[in-house]
Amino acid sequence: MRFFILNSRGLILLSMLSLSACNTAPITTEQKMQQLEKLQNAKSLEDRTSYIYQKERFTNERITAANQAKQQGDIVSAKDAFQQALRTDHMNSAAAEGLKKIEEMDQISSLTELAKSELKQGHKDQALHILKEVLRTAPNDSVARKLRFDIERDQNRQSTYDPSVTPKLNKRVSLEFRSASVQAVLELLAQSSGINFIMDKDVRTDDIKTTIHAKDTTVQEALRFIMKTSGLSYKILNANTFLIYSDSSEKHKNYDELLTRSFYLASADVQKTQDMIKILYAPKAMFFDERLRMLIVRDTQDVLDSIDLLLQAYDLPVPEVILDVEILEVNRDKLLGLGIDFPNQIGVRALTGAGQVGQYTINQIKSMTRDNLSLVVADPLATLNFKQTSAETNLLANPRIRVKSKEKANILIGDKVPVITTTSNLTSGSVSESINYLDVGLKLDVEPEVNKDRQVTIGIKLEVSNIAKEIRSSTGLVAYQIGTRNAATTLQLQDGETQMLAGLIRDDSQTNATHLPGLGKIPFLGRLFSNTTDSSTKSEIVLLITPHIVRPFALPAAHVQEFSSGTGVQVSTHPLRLSESSDYRAKPDNTTNIATATEAAPQSADTTPSDHDTDVTPTAIPAETTSPAMGMADISLNQGGSGSPQMQIQLNGPTHVTPGQDFTVALLQTGPAYESMSFDLLHDKSLELVRAVLIAPSNKFDQQAIEKGIRFTFGKTAVHQGTAALITFKVAKDAPSSELILSRGSIQLRDGQQPQGFSLDEHKPITVVR
């Protein structure tokens with residue numbers, strides 16, 4: 001915050017501005033900027049001070065107006081306001097940063113809309129590539145970040161879980177096979193359900209025999225049992241395509257996909273959790289992060305699902321209990337003093353004639369008589385004592401403490417007494433002292449355990465100590481004699497039940513007497529020549545404890561207390577079961593191998609090829625009507641007036657750019673499949689190619705600099721509609737406004753054919769804004 005001191009001249013100037021605002025029409029933003037420009041070259045200190053104050057005030061007003069316009073979606077007004085603020089104060093970082101963000105939004109808005117369009121058409125990969133380019137320019141753009149998050153989340157779901165199979169797998173069929181080849185059974189299942197099967201290269205279904213007699217069973221149930229009993233396994237590639245391979249550990253390593261899942265532990269012990277998972281499942285890899293309490297496991301889907309169920313049963317909230325403790329110490333003291341207290345000594349004093357005591361001459365001693373001697377006794381000569389006192393002290397402590405189940409809690413009410421220890425070094429003769437502290441008072445240790453039936457088991461240790469006396473050593477060090485009373489027990493109480501512990505009693509009695517020699521020992525009469533004091537001290541500790549459960553013992557859900565976890569060979573949460581309506585019975589030996597469906601056989605569904613990096617046979621067992629073969633589609637081309645194929649390429653991107661910054665345009669392609677294609681993109685020399693990212697499914701993408709631009713060459717590409725590539729340019733600081741021009745191109749539709757030319761007449765203006 002800045003403070004300015006204005007003199008009379010500056011105040012007059014401000015007053016004139018205020019009066020003019022009141023008496024005339026409101027001053028426009030442009031007029032305010034002109035007034036500031038007049039004051040900018042002022043020479044006097046007063047005018048300079050007024051200029052600085054007005055400049056800062058105007059700049060802040062423009063930045064505030066720009067931010068408000070930006071929030072309302074008025075990008076043009078926001079951009080103008082930021083530019084006005086920079087014209088007044090070109091060093092203002094807030095205005096410069098705001099203008100930069102506005103320009104970034106202007107440049108990426110067209111690409112963001114293009115990504116949304118690609119996403120609506122189902123082209124998720126293309127939309128994701130476009131969004132990555134957007135986020136390179138504006139990493140914090142919320143719209144692009146959200147779109148990318150949604151796409152990546154959907155892709156993760158599709159890659160993590162098996163595809164949804166076609167409902168035709170739930171169609172009821174009847175199968176009658178005896179010693180038939182698995183190949184024949186799969187062919188009949190494919191014809192009746194429209195399912196396609198792809199075989200691993202090592203699977204010989206002709207050599208594997210199976211026997212099945214099933215009535216009114218589903219295709220999926222029959223397939224699972226045939227695979228299981230034939231030593232085979234399958235993988236779902238899409239809704240109606242299955243990959244068949246041998247049920248061996250080597251094949252499972254090749255085909256079973258491994259997932260990585262993060263589990264966040266709430267209350268479970270870290271080390272015990274890892275030990276339990278290692279013993280039960282032995283996952284492929286596991287790591288734990290202490291800071292986040294995150295357990296990361298990498299294994300198959302079935303193993304991860306089983307671990308998830310196990311942790312739901314194991315990672316439960318720890319029960320908690322509040323212990324309401326009352327500690328009462330009752331002290332009773334009695335004192336009885338009765339008898340006659342006689343003097344315990346008699347003195348003789350010699351007096352001189354002058355009455356002096358303690359100083360004598362030789363002559364004074366010679367002249368002493370018995371009149372100079374006197375007996376000295378206590379005054380009074382005897383004291384009759386009859387005194388009786390009693391005292392009662394109650395020390396009450398009522399702590400309330402909350403503690404987790406099976407965790408210890410400590411309560412100490414008392415003092416820490418220092419104990420000094422001296423250590424001497426015989427070699428050097430040095431002496432060092434150390435101080436330790438001894439807990440004296442009331443000490444209570446409790447360890448509760450909450451049971452599932454709302455009972456609380458409490459281990460209690462109670463110790464009451466006090467300093468009995470001090471003991472000094474010959475070197476002057478002080479030691480203490482500590483008196484203690486201890487009790488330890490284990491209780492089991494219901495929630496809210498109170499238990500009392502008592503009986504820690506200490507009883508001390510003491511008798512002291514003084515007598516006249518000889519006379520004080522006479523029976524009965526001796527009481528007249530003696531003084532007796534009787535004292536007794538009695539103390540008792542009483543403990544009352546009441547547990548109150550605040551978080552009871554939580555039992556996990558029944559479905560996670562017991563669940564299927566596979567066989568001794570393979571972990572799985574899906575046991576091999578049959579539905580109730582399925583009927584599998586043995587048939588006579590002369591049964592004919594047949595397969596019937598309980599309803600009309602459906603037409604085959606389309607097969608979507610699935611990419612896999614493991615070697616499989618190129619042939620497949622098709623459904624009743626085979627799906628289209630993989631590869632390039634044979635598409636007839638529409639011919640233009642000149643006989644050239646109709647290939648359309650367009651440019652999509654920002655029309656306003658900023659010097660010194662990057663901008664990205666998208667190449668949109670609509671046309672047939674081809675072996676190769678090339679075209680020229682002409683641009684001004686002030687635009688420098690930064691990068692080119694391929695989006696289309698092409699096996700080649702090259703860029704070659706030519707005299708007035710760039711020649712792009714695409715390799716073999718399937719039928720593609722949408723974004724083909726993203727081209728990023730850097731604008732030179734002195735770049736003029738220009739345009740991007742798509743020139744004539746050539747295309748080769750099939751291998752061996754001659755390339756054919758096609759015309760492109762796409763002009764995209766590029767306006768440089770300073």
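**A sheet and the helices across it**

Let's start with the sheet. Four strands form an open sheet in the order β23-β25-β30-β27, with antiparallel pairing. Two of them are edge strands, β23 (648-652) and β27 (687-694), and each pairs on one side only. On average, neighbouring strands here are turned by 25° against each other, direction ignored. Strands are DSSP runs of E, at least two residues; helices are runs of H or I, at least four; both are numbered from the N terminus. Two strands pair if DSSP finds at least two bridges between them.

A word on ground rules. This is a predicted model: local features need pLDDT of at least 70, side-chain atom pairs count only at pLDDT 80 or more, and totals for chains, interfaces and linings use all residues. Residues are numbered from 1 along each chain as its sequence is written, and side-chain values use heavy atoms, with hydrogens and water left out.

Back to the strands. β23 and β25 run antiparallel, joined by five bridges. L651 stands opposite L667 in β25.

Now, what lies across this sheet? Helix α5 (residues 93-120) lies across β23, β25 and β30 (720-731), at about 30° to β25. Helix α6 (residues 124-137) lies across β25, β27 and β30, at about 15° to β30. For these angles, axes are lines fitted to C-alpha atoms, for helices over the stretch in contact, and angles run from 0 to 180 degrees between N-to-C directions.

Let's zoom in on one residue. Q669 lies in strand β25 (residues 662-671). Is Q669 buried or exposed? Q669 is buried, because its relative accessible area is 1%. Buried means under 20%, exposed over 50%, partly exposed in between, with a 1.4 Å probe and protein chains only. Leaving out residues up to four places away in sequence, Q669 touches M647, Q648, Y674, M677, H720, Q721, G722 and A724. Contact means heavy atoms within 4.5 Å.

Finally, the whole protein. The protein has 14 helices and 33 strands. Of its 770 residues, 35% are buried.
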